[in-house]
Amino acid sequence: MTKEKLTSSRKMDHLRICSQTDIETGSTLFDDVHLVHCALPECDMDAIDLSVEFLGKRLASPLFIAAMTGGHPDTAEVNRVLASAAEHYKLGIGVGSQRAALEKPELADSFAIVRETAPHAFVCGNLGAVQLVEHGTEWAERAVEMIDADALCIHLNFLQEAIQPEGDHSAVGCLDAVRQLCKDVKFPVIVKETGNGISREVAARLWDAGVSAIDTGGMGGTSWAKIEGIRANERGAAGDKALRELGDSLLTWGVPTAVSVFEVAGTGTGPVIATGGLRSGLDIAKGIALGATLGGMALPLLSPALCGEEETCRAIDAVHYQLRAAMFLTGSPNVSALQHARTYITGTLREMIGQQPNMRMS
């Protein structure tokens, strides 16, 4: 199988496994975040303003449809359904890694359908850090042009790469490549993890490199260690045994999402997207109270998207209702007020973040 066919085939493996198998591990630690109840909210729940400013664009809600798929003809319909929802609700949306279409241009339609369906949405392209090192600004610009993106996400997925038999094992030069990209292009550059979180040390280096926003992609939701372990098990080759065992040993490796949001938000002035295991509007509210601007969801919207637009809208409506209720019960008439809502931090999260300068504990 050629490299291009392998990349495209892997995309379908990932989509199939995510839609049919329990692939979540670890804890986001959002259960340790308790929004302080306001018995006198002094606002109208039905009039609460969910809109938020993100990288110069006003979005109708902090719900971000996180990167899921693309790169195989059979993924186009999922992207169309998600893009239709993004357009209808005026949300931000990300596409999956565009590597397959950059290697094989005839696959570009599975990504381009997002902009075609959502002409007014905030759309984020997606390119791996390794591909950025290998191909530089040219591929980044092609990825943005492919979908007329408003921003480009550079994804960091080195745990996944370590487990894939076809994975890229060198991360040398990634930070310099990101720094150069930020200097070369006019569109915003977002750096995102894919399930293992970003620490304060890495966040500080990324802000210094000039990134416009950081997407935490924390531990506690979709586990690429588990997904790649399943793929290795399906192949069944003797040579994959070590990879299966490695995947099993790394199931809970990473920075939990709540910790990552707290640490990243405390290191810079740019917006933070809380992703990694967010499963409700309450999780989004907690992420915003910890310092995020947006809360991204992928897996909770995948099954609805596979069922069609009606189910997707129903899922998004439920998330918005939960978020609106959380804002009402904290006395937050808008997202800005929610960002200053008081929290109680308990348990493991309290132990991990400790007494830090931007701490709001009681």
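Colleague: Before we start, what counts as a polar contact here?

Modeller: Happy to begin there, and do keep in mind that this is a predicted model. Within protein, one atom of the pair must be able to donate a hydrogen and the other to accept it. The pair consists of N or O atoms within 3.5 Å.

Colleague: Thanks! Which backbone oxygen does the side chain of Arg 350 reach, and at what distance?

Modeller: Arg 350 has its place in helix 16, residues 347-353. Its side chain reaches the backbone oxygen of Ile 345, at 3.3 Å.

Colleague: Is Arg 350 buried, partly exposed or exposed?

Modeller: Buried means under 20% relative accessible area and exposed means over 50%, with partly exposed in between. Arg 350 has a relative accessible area of 33%, so this residue is partly exposed.

Colleague: Let's turn to the annotated site. Is Glu 161 buried or exposed?

Modeller: The UniProt annotation "binding site", from an unreviewed entry, covers Glu 161. This residue lies in helix 6, residues 158-163. Because its relative accessibility is 5%, Glu 161 counts as buried.

Colleague: Where does Thr 275 lie, and is it buried or exposed?

Modeller: Thr 275 sits in the loop between strand 10 (272-274) and helix 12 (281-289). Beyond its neighbours within four places in sequence, its contacts include Asp 215, Thr 257 and Gly 296. With a relative accessible area of 8%, Thr 275 is buried.

Colleague: Thr 257 belongs to helix 11. Why is helix 11 largely enclosed by the rest of the structure?

Modeller: The buried residues of helix 11 include Thr 257, Phe 262 and Glu 263. They pack against helix 8 (200-209), strand 9 (213-215), strand 10, helix 12 and helix 16. Helix 11 (residues 257-265) is largely enclosed because eight of its nine residues are buried.

Colleague: Last one: which residues have the most contacts inside the largest nonpolar core?

Modeller: In soluble globular proteins, nonpolar side chains tend to be buried together. Here the largest nonpolar core has 110 residues, and helix 5 (residues 129-147) gives the most to this core, with eight residues. Beyond its neighbours within four places in sequence, Leu 152 is in contact with Ala 140, Val 144 and Phe 187, among others. The residues with the most contacts inside the core are Leu 152 and Ile 154.

Terms used:
Residues are numbered from 1 along each chain as its sequence is written. This is a predicted model: local features need pLDDT of at least 70, side-chain atom pairs count only at pLDDT 80 or more; totals for chains, interfaces and linings use all residues. Side-chain values use heavy atoms; hydrogens and water are left out. UniProt positions are given in the numbering used here, feature names are shortened, and annotations may be inferred rather than shown by experiment. Helices (H or I, at least four residues) and strands (E, at least two) are DSSP runs, numbered from the N terminus. Buried means under 20% relative accessible area, exposed over 50%, partly exposed in between (1.4 Å probe, protein chains only). Contact means heavy atoms within 4.5 Å. A nonpolar core is a set of buried Ala, Val, Leu, Ile, Met, Phe, Trp, Tyr and Cys residues joined through side-chain atoms within 4.5 Å.
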